[in-house]
Amino acid sequence: MTKNEKATIFRAEQSPLKVTLLVFSGASIMCVACAVDPLRAANRIAGETLFDFKLVSVTGEAPVTTCGLPVAVSGRFDATEPTDVLVVVAGFGTQNYATSALLAGLRRAARSARACGGVEAGTWLVARAGLLEGRSATTHWEDMEDFSSAFPGVDVRPDRYIIDGPVFTTGGASPTLDLMLHLIRTRLGMAVALDVASAFIYDQARVATDAQPLVSLGRLDGYDPRLAQAIRLMEAHVDQPLTIEAIAKRAGVTARTLESIFRKSIGETPGAYYLRLRLGAARRLVVDTRVAMADIAGRTGFSSAAAFSRAFSRAFGEAPVRLRRG
């Protein structure tokens, strides 16, 4: 990072990150969802607003995505309004939006923000605003050749997503989800990122620099396969928890080695992660259903409703019955 660049947003921080998503008609609904829904999920899992996001459009009217679905926005894009991150989400027809006024607005917003970026064809608008000059960037693989010709001062690469200083770019919907998981992982930790990925039943094994057409198959990039195996065992035995020794044996390691793997990859013990996994499942049942507390306790592996209530209160700061009433 050079002296004139802001501190990266991709680092451990607990303070809320204000994110403005500027959405254009012609964008893919999947790109919009992959940009915003992981942030929503992270807030829900954390139990607090750590990503303060909002969606806006140039006119303040709902942009219409390629499938015909409009996206509800909170208002018009205001380049003077403070934000930590500006995300430009666009698809077909970006040439129709690249007015001098818009590009000046993007430059102004980017100067005051900590980071800005383009999702899929949003990269074109970020580049037309001059924000990618001298940097590495990517866009959708179909546009790669045209983009390279249009912006010779940009180091164009076929990567899934690229972070270059305060600017980031993605090639499409799935790479955008990868990027958001990376943001969540670096800010809030591996455990929260795993929970968010699991919420979408999303498996990711590719790194940012992999070429876009490759298929994602694993869970998250850089994991130890024994970690994934242990977590799958935990997920399959929420109602009747296995001992850590039993999980380690099935994963082909000792309990001590499994603890080392968890501490290195997630930053907590297998027992702590397993308990948090069960309590997360319990919290969803408390908030989203009317299932009786005793039944929730049984479904999430607690010996009694009282034991469940104590563990829940320690984890979330209030008893499950109070959370449900609230």
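Threonine 20 is buried in this predicted model, with a relative accessible area of 8%, where buried denotes under 20% relative accessible area, exposed over 50%, and partly exposed the range in between (1.4 Å probe, protein chains only). Because the model is predicted, local features need pLDDT of at least 70 and side-chain atom pairs count only at pLDDT 80 or more, whereas totals for chains, interfaces and linings use all residues. Residues are numbered from 1 along each chain as its sequence is written, and side-chain values use heavy atoms, with hydrogens and water left out.

Threonine 20 is placed in strand β1, which covers residues 17-23; helices (H or I, at least four residues) and strands (E, at least two) are DSSP runs, numbered from the N terminus. The side chain of threonine 20 is joined to that of threonine 83 by a polar contact of 2.9 Å, a term for a pair of N or O atoms within 3.5 Å in which, within protein, one must be able to donate a hydrogen and the other to accept it, and for which residues adjacent in sequence count only if both atoms are side-chain atoms. When residues up to four places away in sequence are not counted, threonine 20 touches Lys54, Val56, Thr83, Val85, Leu86 and Val87, contact being defined as heavy atoms within 4.5 Å.

Rings of Phe, Tyr and Trp (its six-membered ring) were paired if their centres lie within 6.5 Å, with planes under 30 degrees apart counted as stacked, over 60 as edge-to-face and the rest as tilted. By this rule the count comes to nine aromatic pairs. In one of them, phenylalanine 262 and tyrosine 273 have ring centres 5.9 Å apart and planes at 55°, so the pair is tilted. Since phenylalanine 262 lies in helix α9 (residues 255-265) and tyrosine 273 in helix α10 (residues 270-288), the pair ties together parts that are 11 residues apart in sequence, and both residues are buried. A tilted pair is also formed by phenylalanine 312 and phenylalanine 316, at 4.6 Å centre to centre and 55° between the planes. Both of these phenylalanines lie in helix α12 (residues 305-316), four residues apart, about one turn of the helix; phenylalanine 312 is buried at 0% relative accessibility, while phenylalanine 316 is partly exposed at 30%. Phe302, Phe308, Phe312 and Phe316 form one aromatic cluster. The charged end of arginine 283 sits over the ring of phenylalanine 316, 5.5 Å from its centre, the criterion being NZ of Lys or CZ of Arg within 6 Å of the ring centre and within 35 degrees of the ring normal.

Across the whole structure, 12 salt bridges are found, each defined by a side-chain nitrogen of Lys or Arg within 4 Å of a carboxyl oxygen of Asp or Glu. Aspartate 178 and arginine 160 meet in such a bridge (2.5 Å, N to O). This pair links distant parts of the chain, with aspartate 178 in helix α5 (residues 173-188) and arginine 160 in the loop between β6 (155-156) and β7 (161-164), 18 residues apart. Aspartate 178 is buried at 0% relative accessible area, and arginine 160 is buried at 2%. A salt bridge also connects aspartate 195 with arginine 276, the closest N and O atoms being 3.0 Å apart; here helix α6 (residues 190-199) is linked to helix α10 by residues 81 apart.
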